[in-house]
Amino acid sequence: MFKFDAQDYPYASKRHVVYAKNGMSCVGNPSGAAAGLKVLLKGGNAIDAAVAVAAAQPVVEPTGNGLGADCFALIWYKGKLYGINGSGPLPKAASIAKLKERGFESIPPYGVEPIDVPGAVGGWMAMHERFGRLPLEEVMQPAIDYAENGYPVSPNISRLWEEAYKNYSKYRDRPEFKGWFDTFAPNDTWLRPGDVFKSHDMAETLREIARTKGESFYRGALAQKIDAFMKEHNGFLSAEDLAAYHPEWVEPLKTDYRGYDVWEIPPNSHGITVLMALNILKGFTFGERDTIDTLHKQIEAMKLAFVDTMEYVAEPSHMIVTSEQLLSQKYADDRKKLIKPDSALMPEVGDPRYSSTVYFATADAEGNMVSMIQSNFRGFGSGIVVPGTGISLNDRAQNFRFDEKHPNAYEGGKRPYHTIIPAFISKGDQPISAMGIMGGWMQPQAHLQVIMNMIDFHLNPQQALDAPRWQWIGGKKVEVEHDMPNHLVRLLQRMGHDIVVQPDPYHMGRGQVILRDEKTGILCAGTEKRTDGQIASF
């Protein structure tokens with residue numbers, strides 16, 4: 001083969017939208033996309049394909065999720081939208097007092113303390129049981145094959161693997177991290193682009209999950225292995241926590257934006273941030289995308305929505321305001337009045353009480369569509385892999401607050417404020433789009449920008465994803481991509497925005513979009529230029 005650098009691209013590439021009639025699998029890497037397509041070609045529906053991708057992603061994109069991850073999904077099935085919350089709670093034994101006893105002054109990012117009950121496997125099982133068509137073993141076979149026989153690592157995943165290897169190397173001497181190095185650095189290094197990764201342990205775990213329909217993970221042999229490891233290393237997660245877990249079917253939240261229903265998962269997810277910002281922005285008229293007026297109002301609306309959700313969103317039973325209050329148009333109109341036409345806000349929390357993640361989308365010829373996301377939170381997660389299983393455990397408890405009085409306090413039995421959010425767009429009784437963008441705190445900000453790109457500015461899904469993005473990161477500080485027009489950057493600075501040009505596109509989110517023509521049923525999709533995105537269709 002010719003010599004080249006698979007991670008260096010000096011010239012801009014151009015993608016086109018992809019059309020299909022019978023089915024689509026849009027994923028952040030080619031191997032994951034192929035897993036969904038294989039199941040569609042065998043006669044599976046969009047839900048089967050989504051579960052196939054979800055099971056494959058911990059193998060082919062372990063840098064963003066794992067078998068110990070969480071998931072959320074929005075599922076359009078036979079004319080109705082369903083939501084599933086596959087996030088798990090903090091183990092019952094965990095508390096801020098326990099962390100303080102261990103000498104912590106904040107929630108640690110790695111180790112056994114930030115691990116919540118993994119919810120993803122339970123989410124897959126619930127989706128398949130309710131809506132799947134093919135046998136579960138057949139749906140999960142592509143993931144098992146990848147784990148058993150190996151696959152070549154894609155360029156972006158290699159880059160993230162390298163970062164993780166260097167990061168976890170700081171913990172190499174701690175015995176609880178040995179499983180990560182044994183599983184993901186078997187030759188004491190990271191995987192380069194084109195290197196083949198395989199894991200017999202992950203293959204056996206996936207077989208066990210398929211054979212027992214997930215029971216082994218929560219109430220069987222796999223649960224016992226997790227429990228034994230946690231007891232050995234003084235972790236909080238126990239067999240009792242796993243046995244008590246069940247995913248939750250939820251009623252998705254929506255807002256009307258320019259005649260389209262935009263849907264998000266309700267709290268404990270922060271998808272409501274997108275809807276709150278859209279409620280503010282629907283009060284404005286936008287003519288063009290690349291103007292200072294558009295950018296400024298988008299940024300200000302997102303700031304106002306975000307400071308509220310970071311303060312209020314938590315386990316729903318612990319929230320001091322309701323989703324209905326946060327989404328009231330009266331509150332949005334009041335927040336809109338705070339936006340000044342020529343200067344940047346220092347956002348403050350309002351009061352509405354009036355008297356690294358992987359994203360993927362699938363669709364089939366019957367009109368079923370799935371918008372799904374799953375994550376360990378930070379890359380590979382806690383750095384904890386249960387020996388002999390390939391189960392890398394999340395560090396999602398880092399999203400709690402180290403404050404006993406806060407609604408989102410680190411407290412056993414509660415689910416944390418969650419950053420991962422799938423999105424969906426419908427019109428009337430027709431599904432229009434399964435879409436989402438992964439990437440931590442960027443997610444609602446990218447949702448807002450991509451949704452407006454398509455609805456307000458009439459960009460096709462590929463253009464909507466390709467367009468340069470911005471990200472508010474606190475105070476008046478805003479990151480923009482290097483291809484943001486310089487005159488707009490300068491105008492934002494003159495308004496008081498503290499602009500930082502972000503040279504790394506990875507930090508600006510990575511997404512997928514599938515559109516469905518409500519008259520013909522033809523599918524049209526775009527995939528992410530900022531990662532190894534792939535659309536597999538037929």
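Is Asp188 buried, partly exposed or exposed? Asp188 is partly exposed, at a relative accessible area of 41%. Buried means under 20% relative accessible area, exposed over 50%, and partly exposed in between (1.4 Å probe, protein chains only).

This is a predicted model, in which local features need pLDDT of at least 70, side-chain atom pairs count only at pLDDT 80 or more, and totals for chains, interfaces and linings use all residues. Residues are numbered from 1 along each chain as its sequence is written, and side-chain values use heavy atoms, with hydrogens and water left out.

1. Asp188 lies in the loop between helix H7 (178–184) and strand S6 (196–197). Helices (H or I, at least four residues) and strands (E, at least two) are DSSP runs, numbered from the N terminus. Phi of Asp188 is near 60°, a positive value in a residue other than glycine. Most residues other than glycine have a negative phi. His458 also has a phi near 60°. Its loop runs between H16 and H17. His458 counts as exposed, at 65% relative accessibility.

2. **Helix H16.** This helix covers residues 443–455, 13 residues in total. From its first C-alpha to its last it reaches 18 Å, close to the 18 Å expected at 1.5 Å a residue. The expected span is 1.5 Å times one less than the number of residues. Of the 13 residues of H16, 13 are buried, so the helix is largely enclosed by the rest of the structure.

3. **H2 against H5.** Helix H2 (residues 46–60) packs on helix H5 (residues 136–149) at about 15°, with the axes 7 Å apart. That makes H2 roughly parallel to H5. Axes are lines fitted to C-alpha atoms, for helices over the stretch in contact, and angles run from 0 to 180 degrees between N-to-C directions. Under 35 degrees counts as roughly parallel, over 145 as roughly antiparallel, 65 to 115 as roughly perpendicular, and the rest as oblique. On the H2 side, the contact includes Asp48, Val51 and Ala52; on the H5 side, Val139, Met140 and Tyr146 are among the residues met. Contact means heavy atoms within 4.5 Å. The residues of this contact divide into 11 nonpolar, no polar and 1 charged. Ala, Val, Leu, Ile, Met, Phe, Trp, Tyr, Cys and Pro count as nonpolar, Asp, Glu, Lys and Arg as charged, and the others, Gly among them, as polar.

4. **H4 against H5.** Helix H4 (residues 120–131) and H5 have axes that come within 11 Å and cross at roughly 135°. H4 and H5 are therefore oblique to each other. Trp124, Met125 and His128 in H4 meet Leu136, Val139 and Met140 in H5. This contact holds 5 nonpolar residues, 1 polar and no charged.

5. **Val27.** Strand S2 (residues 23–27) contains Val27. Val27 is buried, with a relative accessible area of 0%. Gln57 is 30 residues away from Val27 in sequence and 9.1 Å away in space, C-alpha to C-alpha. Beyond four places in sequence, Val27 touches residues including Val53, Gln57, Tyr359, Phe360 and Thr527.

6. Gln462 sits in helix H17 (residues 461–466). At 2% relative accessibility, Gln462 is buried. Beyond four places in sequence, Gln462 touches Arg15, His16, Val17, Gly526 and Thr527. Thr531 belongs to the loop between strand S20 (523–527) and strand S21 (534–537). Thr531 is buried too, at 9% relative accessibility. Its contacts beyond four places in sequence are Arg15, Gly28, Asn156 and Arg510.
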